[in-house]
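Here is a short note for a first look at this model. Please keep the structure open while reading.

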Amino acid sequence: LVARARQAKAAVDPRAVQAALEQQKAMLGGAEAWGKMAAGFGLDEKDLVRIENERQLIAAYVETKVAAATPVSDGEAREYYDKNPQEFQHPEQMRIHLIAIAKAGDEAATRGRAAQALARVRAGEGFGKVAREMSDPPFRDKGGDAGWLSRGNLPPEVEAKVFGLTPGEATDVLAAPTGFQIIRADGRRNAGTSPWEEVKDRLLKALRMRKAMLSVNRLVEDAKGRSKVEILDPAIRATLSGATAAPGAPGGGAAR
């Protein structure tokens, strides 16, 4: 797939690769923990950069080349929506905006940034404006708009605070695995079915990607059929040989 992506001149922004790696570091608790994880898999930072670059390259290829060639009509999507109502059920939900401050170096400094954002909100500045200026991606670009949040998706102590808000009210600074958050409630709705207009764009994208992945699988199988694959690592070669040997045929390769 990487070879196909390069042939198709799919491109990756190095800044997006670096941003993804920084997010991974934050989620694991910092650069040191990230490095230990990588070392546990026998990888160094160059390997992780290459892997993330290739991952994004394949994603760009699938989205811009393969998915673009597998259109899904509004009619197909609407038919799917009407025939599969169970897939669009939701529990009680809260519409929220979110300011997320990722851990970066000193935890006290990170909490301080979050406290500064909260102070601006409390002073009457627009939540969206503060989010665009102080939140980290992906919520920064959306002015903090995080859509509808369902019960069961937050730690119990955080969920109790969020679902205890009235529309227009914001939480204090909340600790999160990746840093600190401030959440504002904008609306509440009971359990029910998400309306067509709300799910349409997401469903169209999902159905396009489903069709695209079928095409990708065919591309991979075609590439396998046209390629000569040689296993250079003796241990892997022995494992594959043993896994494909016929029962009762040691060292086999009789059944493939």
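1. This is a predicted model. Start with the contact between α2 and α4. On the α2 side, A16, V17, A20, L21, Q24 and K25 take part, and they meet E45, L48, V49, E52, N53 and Q56 of α4. By type, the residues of this contact split into six nonpolar, three polar and three charged.

2. Next, the geometry of that pair. Helix α2 spans residues 14–27 and helix α4 spans residues 45–66; their axes come within 9 Å and cross at roughly 120°. The two helices are therefore oblique to each other. The crossing is right-handed.

3. Now the charges. The structure holds 25 salt bridges. One of them joins the side chains of K25 and E45, at 3.9 Å from N to O. It links distant parts of the chain, with K25 in helix α2 and E45 in helix α4, 20 residues apart. K25 counts as buried, because its relative accessibility is 11%, under the 20% cut-off. E45 is partly exposed at 44%.

4. A further bridge pairs K211 with E76, with the closest N and O atoms 3.3 Å apart. K211 sits in helix α9 (residues 196–226) and E76 in helix α5 (residues 74–83), 135 residues apart. K211 is partly exposed at 32% relative accessibility. E76 is partly exposed too, at 35%.

5. Within helix α5, look at K83 and E79. They lie four residues apart, about one turn of the helix. Their side chains meet in a salt bridge of 2.8 Å, N to O. K83 is exposed, with a relative accessible area of 60%, while E79 is partly exposed at 43%.

6. Finally, check the network of salt bridges that links E92, R151, E159 and R188.

Note on methods. Residues numbered from 1 in each chain as written. Predicted model: local features only at pLDDT ≥ 70, side-chain atom pairs only at ≥ 80, totals over all residues. Heavy atoms only, no water. Axes fitted to C-alpha atoms, helices over the stretch in contact; angles between N-to-C directions. Parallel < 35°, antiparallel > 145°, perpendicular 65-115°, else oblique. Left-handed = near helix turned anticlockwise from the far one by under 90°. Contact = heavy atoms within 4.5 Å. Nonpolar A, V, L, I, M, F, W, Y, C, P; charged D, E, K, R; others polar. Salt bridge = Lys/Arg side-chain N within 4 Å of Asp/Glu carboxyl O. Buried < 20%, exposed > 50% of the residue type's maximum accessible area, 1.4 Å probe, protein only.
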